[in-house]
Amino acid sequence: MDEKVKQHYLADSPPTVVRLEIKHHFDNLKDAKLRRYAHYISRAAFEGTRVTLRQVSPESEPIYDLIIALYHACDGNWTDLAKRTNVSDEHLRYFLEYSAQFLGNCGNYKGFGDSKFIPRLPVEAFQALASSTSETKATFEKANTTGGGIYETKEQALMHLGYTDNGHMTTYYPDSPSITKDEITAIGDLMEKKGLPLENTRLKKLSSGDFELLIASGVASPPVRDRDLGEVDALDLDGNLTGKKLRLVFGDHIEEMAKIAHSIKQAGLNAANDNQKRMLDAYALSFGAGSIEAFKESQRIWVKDQKPSLETNIGFVETYRDPHGVRGEWEGFVALVNLERTRAFGKLVDSAESMIPKLPWGEDFEKDKFLSPDFTSLEVLSFQSSGIPAGINLPNYDDIRQNLGFKNVSLGNVLSAKAPNEPVPFIAKKDLDVYRRCRDPAFEVQVGIHELLGHGTGKLLQETAPGEYNFDISNPPVSPVTGKPVSTWYKPGQTWSSVFGAIASSYEECRAECVAMVLSCDFSILKIFGFGNGQEDLTNEAGDVLFAAYLQMARAGLVALEFWDPKTQKWGQAHMQARYSILRTFLDAGDDFVKLFYTKEDLSDLEIHLDRSKILTHGRPAVEKYLQKLHVYKSTADYEAGKKLYDDITSVDEWWGSKVREVVLQNKVPRKVFVQGNTILDEDQVTLKEYEPTLEGMIQSFVERNV
């Protein structure tokens, strides 16, 4: 790999390490039973750490073992370790920076961006550190020779997660270098017909050409009554795979899943109500026996558990990192409700039914009834994943969302976490004051609308069973995009993810972001969050928040180019691909609503100039037009039109991918990694131990989590 290119894959120096502040809220949680409930769910979430690591890269778990072993080898006295192994202070610091970033991303590929990062210290220095004991020496050898290893950068395609037949890294299809997209699709289609969801699976291709579907479960042979397909343990494949078999193999991640199921059962003994007990029973069945149907049942019950003091969700949830967009990454969180901020979100929920008609599609493309969700502002106690989001909308199952509802959460202590003196590239000096002052409230408004009215709106036109439809098939709805009756819809068994496949996650994030951009222009929503009096005025505080929201989105679309790889022509992050498309929409709005201003040929003085007086006259209409297409194509299962639209607007030409991306990379700000506390159970009493927001504190927190 070219040395200049290689520089972009080096670990951040330094990474931005911040503490997830929770002590004040935890101290106010006086109920011992609730504390135990929080402790056991946190344990269950973090007991899946190794599952997440295995879902990133083959080398991630050995690297994790190496970092933990090195801590134990010196009992956390890193300076002493460096002296004993004759490693310089600078190289020790590079090791600690790499380790903190690795732990914060739960693997050696960025949780936000899906690109590999490598240590800045030379391999010889890392090897010297690891020479301190025979255990660490052996663990280093394993970590550096498994998969792509710690340092391997020869194949640039392997520096990104994706399909193996594109040369990328994935462990959702382990030990299967020859598996193809077509084979993955064919088996996915078969599972869809059989009614077996794939979130908790991995797919392996054997040398014989047969396949194994690896199902995560705490036992290797679950009782037939607990299996989603009953007695079926193998299926004959057809089409191009005729003559080949697919065998169902239980017990993937068996040790971890058994521990998780046990901790879930312990949490059940401390549940606050019958809904929570039933939910946890379903979780335990899912994680123990490998049943996604049981997991879906847990989500149905979870939706009904309204306004709990503690909020949690756990499982194989988000499908962003599976290149095929159907297999979920392990994650879990526990959070405490912030009652004051939740009141504002409650008012937003109350206003939802009056806001939905303002979106650019008719009632034919909207749910028959808006199912009023629980929308809470949470302070995260623990969050195990490859990256912590600012907001969440769950569950991800369309049948549950359309028929039972969903929940929205905003994660307050994630939103408010700031590193001191954080730079803000690409914002003009004249706009910096209002941007710094209003970006947090603007982002909270954006997250609230994105989760509630973005992910929470829309109807999928479906043939729910052969010959049965959730719309009038004799008089189909007229598309506001084409002016003609729709001619496509979802067939029995099809889901949003199965039809739109690899683009589904990013496309849906884009749709939700566009809803936020459209409705943040509504001053009555801004009033709900405490800004302005509800009257349209771009010059007051509400106008400042709206301006900051649009400017923040434009900037996000620009810095998104960090996550575009020109070599592979691939986007590495769903949200950033979406935000780039929205920046392009702003730029295409005309009349210099948004322009990229620069005077130097190398673009080193690049700034975003956004005319706040044109947000309502140019910005909102441009986004509405784009959003209408995104939404209608999704509602009608029109994959061809949707993919063409999205591919076109997220395409990156030579100017964007070379010149603009280069200045973005030169100005990139390290993404935050969060140091989380640990809950400690002692004689039925749970306490919280916090750690310093430092490189050393991050490593210590993982060591003492003991997973």
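Helices and strands here are DSSP runs, numbered from the N terminus. The model is predicted.

**View 1. Three domains are assigned to the protein chain.** Domain 1 is made of the segments 3-23, 47-160 and 693-705. Domain 2 covers 181-255. Domain 3 covers 423-667. The C-alpha centres of domain 2 and domain 3 lie 37 Å apart.

**View 2. Asp75 has a positive phi without being a glycine.** The phi angle of Asp75 is about 55°. Asp75 sits in the loop between helix H5 (60-74) and helix H6 (78-84). Is Asp75 buried or exposed? Its relative accessibility is 65%, so Asp75 counts as exposed.

**View 3. Lys307 is another residue that is not a glycine and has a positive phi.** Here phi is about 55°. The loop that holds Lys307 runs between helix H13 (292-304) and strand E6 (310-318). Lys307 has a relative accessible area of 66%, so it is exposed.

**View 4. A cis peptide bond joins Ser13 and Pro14.** Omega is about -5° for this bond. Pro14 belongs to the loop between helix H1 (3-7) and strand E1 (16-19).

**View 5. Leu394 and Pro395 are joined by a cis peptide bond.** Its omega is about 0°. Where is Pro395 found? Pro395 lies in the loop that links strand E9 (391-394) and helix H15 (398-403).

**View 6. Phe500 and Tyr507 form a tilted aromatic pair.** A pair of aromatic rings is described by the distance of the centres and the angle of the planes. The model has 36 aromatic pairs. Phe500 has 1% relative accessibility, so it counts as buried. Tyr507 is at 0%, so it counts as buried too. The cut-off for buried is under 20% relative accessible area.

**View 7. Ring pairs link nine residues into a cluster: Tyr71, Trp78, Phe95, Tyr98, Phe102, Phe117, Phe126, Phe140 and Tyr151.** Among them are Trp78, Tyr71 and Tyr151.

**View 8. The charged end of Lys634 sits over the ring of Trp496.** The distance from the charged end to the ring centre is 4.9 Å.

**View 9. Arg705 places its charged end over the ring of Phe46.** This charged end is 4.3 Å from the centre of the Phe46 ring.

Methods
Residues are numbered from 1 along each chain as its sequence is written. This is a predicted model: local features need pLDDT of at least 70, side-chain atom pairs count only at pLDDT 80 or more; totals for chains, interfaces and linings use all residues. Side-chain values use heavy atoms; hydrogens and water are left out. Domain bounds come from an automatic or database domain assignment. Helices (H or I, at least four residues) and strands (E, at least two) are DSSP runs, numbered from the N terminus. Buried means under 20% relative accessible area, exposed over 50%, partly exposed in between (1.4 Å probe, protein chains only). Rings of Phe, Tyr and Trp (its six-membered ring) pair if their centres lie within 6.5 Å; planes under 30 degrees apart count as stacked, over 60 as edge-to-face and the rest as tilted. A charge sits over a ring if NZ of Lys or CZ of Arg is within 6 Å of the ring centre and within 35 degrees of the ring normal.
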